[in-house]
Structures are given as C-alpha cells and as structure tokens.
Amino acid sequence: AVVSTQSTGEWLLELTLKKLNDLLVEADIQTLIEMYQFAVSIFCKSLKQRCLDNIDTTVIDRIIENFDKTLVDYNFVRKLCLSENSDLLEYKKFELVRKWYEFDPEGRKAPINQLMGN
C-alpha cells in the first residue's frame with residue numbers, strides 16, 4: 001500500500017485547485033470573477049492567486065466592455081489595482097476603476113477614494 005504524506009484536506013485542495021485551474025484556462029469573464037469571489041469566501045489564497053494570474057489586459061478590456069453584465073465588486077477591483085501583475089497596464093487599471101465608479105457613482109463615492117489612494 002502507498003502511504004500519502006498529504007492529509008485528506010491537502011489532497012482535496014490540490015485536486016480541486018488543479019480542476020479549477022483547468023476551468024480558468026477556458027473560463028469566461030463571469031466564471032473567473034465568480035471563482036475569485038468563491039475563493040475569497042472560503043479564504044483560499046491559492047485559488048485567489050490563480051484567478052488573478054489569469055487576468056491580463058485582454059481580460060480587463062473584456063470586463064470593461066461588458067461591465068453591466070459582470071458582477072465586479074470593490075474587493076475584486078481593489079485586488080486588481082494592487083496587483084503587481086506586469087501584464088496589467090496602469091491605464092487599464094484606471095479605466096477599470098473609472099468604469100466601476102460610473103456604474104454606481106452615488107454608492108461608490110467613499111470606496112473610490114480608497115481605490116485612488118486618498
């Protein structure tokens with residue numbers, strides 16, 4: 001019998017992350033955002049990072065173009081703005097923040113100051 005050094009939880013997490021990573025490669029934008037939000041809700045740093053790693057300028061452009069159809073929340077926008085991902089151009093991050101703010105200006109006055117660094 002082969003004895004595993006991984007606990008059941010570690011094995012399950014590794015298997016789940018592999019399956020989710022396969023999904024991320026082919027995911028549409030909404031699935032990517034929902035998967036990120038799921039990772040946040042279960043406090044899974046590995047999955048959150050894998051989601052963020054799959055976001056490049058093309059994905060940002062698609063989020064901006066389809067903003068009214070996506071469920072982009074403050075935490076997602078904030079994480080992208082703080083991301084050190086070299087594929088994300090600063091002006092694209094700004095454009096995403098602008099679009100996020102314009103979608104609900106009254107409800108987003110206070111958080112916009114945090115996103116803009118004030």
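This is a predicted model: local features need pLDDT of at least 70, side-chain atom pairs count only at pLDDT 80 or more; totals for chains, interfaces and linings use all residues.
Read along the sequence, the chain follows the pattern α-α-α-α-α-α-α; it has seven helices and zero strands. Residues are numbered from 1 along each chain as its sequence is written, and side-chain values use heavy atoms, with hydrogens and water left out.

**The whole chain**

Begin with all 118 residues of the chain displayed, of which 32% count as buried. Buried means under 20% relative accessible area, exposed means over 50%, and partly exposed lies in between, with a 1.4 Å probe and protein chains only. Contacts, here and below, are heavy atoms within 4.5 Å. Among contacts between residues at least 6 apart in sequence, 63% join residues at least 24 apart.

**Helix α1**

Select T16, in helix α1 (residues 8-26). T16 counts as partly exposed, at 33% relative accessibility.

**Helices α2 and α4**

Next, select helix α2 (residues 29-41) together with helix α4 (residues 57-65), whose axes come within 10 Å and cross at roughly 100 degrees. Axes are lines fitted to C-alpha atoms, for helices over the stretch in contact, and angles run from 0 to 180 degrees between N-to-C directions.

Show the side chains where the two helices meet: I29, L32 and I33 from α2, and V59, R62 and I63 from α4. The residues of this contact divide into five nonpolar, no polar and one charged. In this division, Ala, Val, Leu, Ile, Met, Phe, Trp, Tyr, Cys and Pro count as nonpolar, Asp, Glu, Lys and Arg as charged, and the others, Gly among them, as polar.

Now centre on I63 in helix α4. I63 is buried, with a relative accessible area of 0%. The C-alpha atoms of I63 and I29 are separated by 6.8 Å, although these residues are 34 residues apart along the chain.

Move to F43, in the loop between α2 and α3 (45-53). Phi of F43 is near 60 degrees, a positive value in a residue other than glycine. F43 is exposed, with a relative accessible area of 75%.

Then select C44, which is buried at a relative accessible area of 9%. The structure holds zero disulfides, a disulfide being a pair of cysteine sulfur atoms within 2.5 Å. For C44, the nearest cysteine sulfur is that of C51, 9.0 Å away.

**Helix α6**

Finish at K93, in helix α6 (residues 90-103). Is K93 buried or exposed? K93 is buried, with a relative accessible area of 6%. Not counting residues up to four places away in sequence, K93 touches L80, C81, S83 and L88. Display the backbone of C81 as well: the side chain of K93 reaches the backbone oxygen of C81 at 3.5 Å.

Methods:
Helices (H or I, at least four residues) and strands (E, at least two) are DSSP runs, numbered from the N terminus. A polar contact is a pair of N or O atoms within 3.5 Å; within protein, one must be able to donate a hydrogen and the other to accept it, and residues adjacent in sequence count only if both atoms are side-chain atoms.
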